[in-house]
Amino acid sequence: MLALALLLAGGAATGCGGRATTHHKPGTSHEQASGSAGTLLPAADAAGHKLREVPAEGAPEVQLAARPDSEDGWNLQLSVKNFRFTPDSTGGAALPGAGHAHLELDGRKIARLYGPWFHLPAAQVPEGAHTLTVRLYADDHTAWAVSGKAVEGTTQLTAPAPGPSGGHGHGHGDSPPTQSPPPGQEQADRTVTITVRDGKVSPAPAHTELRRGERVALRVTSDRADTLHVHGYDKELALPAGQEATLILTADRTGLFEVETHESALVLTQLLVR
């Protein structure tokens, strides 16, 4: 009986296969949840995330380039080395060369990036010269660092003065498009207007049905600063407190895609693309 009790106690302590039981994000393996990389430093980046030091050889690298979009704003490209984007395991443990990125405009975070491309709407960039920064993070939200400095890339961006209609041009001599509602809204096939107040979404979340190839404008006003995220498309939009923000999206993938907020974790709508 004593031997049987000891055997059962040992099994409960180690879990199946003799491996310690670990609570981790669904879809993340035990190895991922218990793995680690580098050395956690007491220092933090400008956003308050602890630095995770790794050797310079084989360390993640990133460069940032911005190109004017033909319709609105800029298309940003992240060129990474020794790094892969892992949106499915965000919130898990730090694995070598894996994670996501943060995008900052003049030191203010405006988006979390899960891939090498991101569309930056002109409406999010005030007139004048600015510095865009991308910084690489592990899945546990620590910042990858080399020699005590966060791994990041920067580029300069100059936003021209708004045209007569309030939209931004790109300084190439072209006349700015006519825009009456929020910039780019006239180019959308459908517009969805959503308000977030006191933790409640209005109108109540429902399916927004779209045909593949249609463009949808998501117009969101939140009473708290937050970030909008479109799952499946890896699109994000900063939501300033009390100000309307608009994201224009081309529904070029079929399926059901949730649109939610990061900080408050609210579902705003579901895009049903057929």
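The legends below describe views of a predicted model.

View 1. The protein contains two helices and 21 strands. Of its 274 residues, 42% count as buried. The accessible surface of the protein is about 14,100 Å², and carbon and sulfur atoms account for 52% of that surface. Among contacts between residues at least 6 apart in sequence, 58% join residues at least 24 apart.

**View 2. An open sheet of five strands.** The strands follow the order β15-β21-β20-β17-β18, and their pairing is mixed. The edge strands are β15, residues 207-210, and β18, residues 235-239. Each of these two strands pairs on one side only. On average, neighbouring strands of the sheet are turned by 20° against each other, direction ignored.

**View 3. The pairing of β15 with β21.** Strand β21 covers residues 267-273. β15 and β21 pair in the parallel sense, over four bridges. Within this pairing, E209 stands opposite L272 of β21.

View 4. S222 belongs to strand β16, which runs over residues 215-222. Is S222 buried or exposed? The relative accessible area of S222 is 5%, under the 20% limit, so S222 counts as buried. A polar atom of the S222 side chain lies 2.7 Å from the backbone oxygen of R224. Leaving aside neighbours within four places in sequence, S222 is in contact with V196, L239, P240, A241, G242 and Q243.

Note on methods
Residues numbered from 1 in each chain as written. Predicted model: local features only at pLDDT ≥ 70, side-chain atom pairs only at ≥ 80, totals over all residues. Heavy atoms only, no water. Pairing = 2+ DSSP bridges. Axes fitted to C-alpha atoms, helices over the stretch in contact; angles between N-to-C directions. Buried < 20%, exposed > 50% of the residue type's maximum accessible area, 1.4 Å probe, protein only. Polar contact = N/O pair within 3.5 Å; in protein donor to acceptor, adjacent residues only side chain to side chain. Contact = heavy atoms within 4.5 Å. Areas by Shrake-Rupley, 256 points an atom, 1.4 Å probe, with all protein chains shown as cover.
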